Amino acid sequence: MTKILHRQIHQQYPVAAGGDGPYVIDREGQRYLDASGGAAVSCLGHSHARVIEAIKGQLDKLAYAHTSFFTSEPSEELAEHLTSRAPGELNHVYFVSGGSEANETALKLARQYFVEAGQPRRSNFIARRQSYHGNTLGALSVGGNPGRRAVYDPILMKNVTHIGPCYAYRGQRNDEDEAAYGRRMADELEEAILATGPETVAAFICEPVVGATLGAVPAVRGYLQRVREICDRYGVLLILDEVMCGMGRTGTLFACEQDGVVPDLLTCAKGLGAGYQPIGAVLLSRRIFDTIAGGSGAFQHGFTYIGHATACAASLAVQRTIEEDGLLANVKSQGEALQQALKARFGNNPHVGDIRGRGLFRGIELVADRGTKEPFDPTLKLNARIKKEAMARGLMCYPGGGTVDGWRGDHILLAPPYILEEAH
Ligand code: PLP
């Protein structure tokens, strides 16, 4: 009997014992095509020789040294690699161990920035429903995934206002085009800022392409640009959560590049280390860095494992591989091919409402009735059943769903590795 408190206590999990490119292999030798990269993590597939070599090389030198005493070569090199490729003036980086920590850190950076900038009243956050930013209390507070929040609601931060997501499949009205829909949804942000009191709002956080909660839903064109303008008008910081959609997943290294928007803070994780080591990061603007550097000179934060040398060495190898092997081009072409293949195979299925996404980040929305978009009865527990049936057939996919604003969206998220070939 297992001693682990597993995610589903009564479920029997196969024992993962090996990896081979896009396949995970269990102890019995069964191969599973990792069509979701776990949860959009394993962007280089499994057992990648170059990354393993980099990890071993770092371990031979030094596994870890606490960042209150030292910096390290791999963390400095990784910081250089990321900031030199990031858009705008995202010139500095803070390394953590995952996505929740990255968002927790971004919220605190936003808060400390305003304290040091002489605007200490800015302590409120605005976020969106149908979003997921992590399971630590701060990240969960800004998150809008009802299932994950419900039990903890009484202990979450109360200084958060949630607005609607940009979800054209369900939200766009018949009498408006995409641009008008995007404007209407972005204007919800302005209304929320005005209702909260502009001088008290620290930041707005959102996922440029919504992952786990909606299933690869990009905002309509123009939405994020208007959001950026509104943030600037009221001096509110923009945090983009690219934990799932960043690091090449959508075909550009940073998802926001495709929207022509530069945030003040950008969080990433998952594809940053591709699962070879736990690592996440916050990229921050020159303005935030300079204000704190010229003020107290210290960020009031820190974890034991920030800037972990072995994790940074693994991540550096992952990022260099993505670049040197030209994998972003493959993400774009295989992503298009996947979209076409899904449409050809399922486009006319009466229970497939929408097939969407960018790059190798695709979502299939399942509905009881395609015409009315009526969702399936939640008691059917479609998500769990799809996952189980897929695993039984040697396929890993990442189904999700939830009810917000009367919408129940059941979806299947696909996020295969960037090394994908047509045969897979
Ligand atoms: N933000 C987004 C958009 C995510 O999809 C996730 C995880 O799925 C997180 C944050 C939390 O990341 P982690 O599970 O690494 O803490």
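So, what covers the buried residues of helix H3? The cover includes helix H2 (49–61), strand E4, strand E12 and helix H11 (309–324). Contact here requires C-beta atoms, placed from the backbone, to lie within 7 Å. And the names: helices (H or I, at least four residues) and strands (E, at least two) are DSSP runs, numbered from the N terminus.

Quick word on what we're looking at. This is a predicted model, where local features need pLDDT of at least 70, side-chain atom pairs count only at pLDDT 80 or more, and totals for chains, interfaces and linings use all residues. Residues are numbered from 1 along each chain as its sequence is written. pLDDT, the predictor's confidence in each residue, runs from 0 to 100; the protein averages 96, with 98% of the residues at 70 or above. The model also scores ipTM 1.00 and pTM 0.98.

Back to H3. With 13 residues, H3 reaches 19 Å from first C-alpha to last, close to the 18 Å expected at 1.5 Å a residue; the expected span is 1.5 Å times one less than the number of residues. Pro-74, Ser-75, Leu-78, Ala-79 and Leu-82 are the buried ones. Seen down the axis, the buried residues of H3 fall within an arc of 135°, so they line one face of the helix. That arc is taken from the directions from the helix axis to the C-beta atoms. For cut-offs: buried means 20 or more other C-beta atoms within 10 Å of a residue's own, exposed means 12 or fewer, and partly exposed is in between, with C-beta atoms placed from the backbone.

Now the sheet. Seven strands form an open, mixed sheet, in the order E4-E12-E11-E10-E7-E5-E6. Strands count as paired if DSSP finds at least two bridges between them. Why is one side of E4 and of E6 left without a neighbour in the sheet? Well, E4 (92–96) and E6 (160–163) stand at the edges, so each has a single partner strand. From one strand to the next, the twist averages 20°. H3 (residues 73–85) packs on this sheet, touching E4 and E12 (280–284), and its direction makes about 125° with that of E4. Helix H8 (residues 178–196) packs on the sheet too, touching E5 (124–128), E6 and E7 (201–206), at about 155° to the direction of E6. Those angles run from 0 to 180 degrees between N-to-C directions, with axes as lines fitted to C-alpha atoms, for helices over the stretch in contact.

Look at E7 next. Six of the six residues of E7 are buried, so the strand is largely enclosed by the rest of the structure. E7 pairs in the parallel sense with E5 over three bridges, and with E10, also parallel, over four. Ala-203 is a handy landmark: it is the bridge partner of Phe-125, and it stands opposite Leu-237 in E10.

Last stop, the loop between E10 and E11, where Met-247 sits. Is Met-247 buried or exposed? Buried, with 28 other C-beta atoms within 10 Å. Leaving aside neighbours within four places in sequence, Met-247 contacts Cys-43, Leu-253, Cys-268, Gly-271 and Leu-272. The C-alpha atoms of Met-247 and Ile-322 are 9.0 Å apart, across 75 residues of chain. As for H11, 13 of its 16 residues are buried, and just after H11, Gly-326 takes a positive phi of about 60°.

Key. Contact = placed C-beta atoms within 7 Å.
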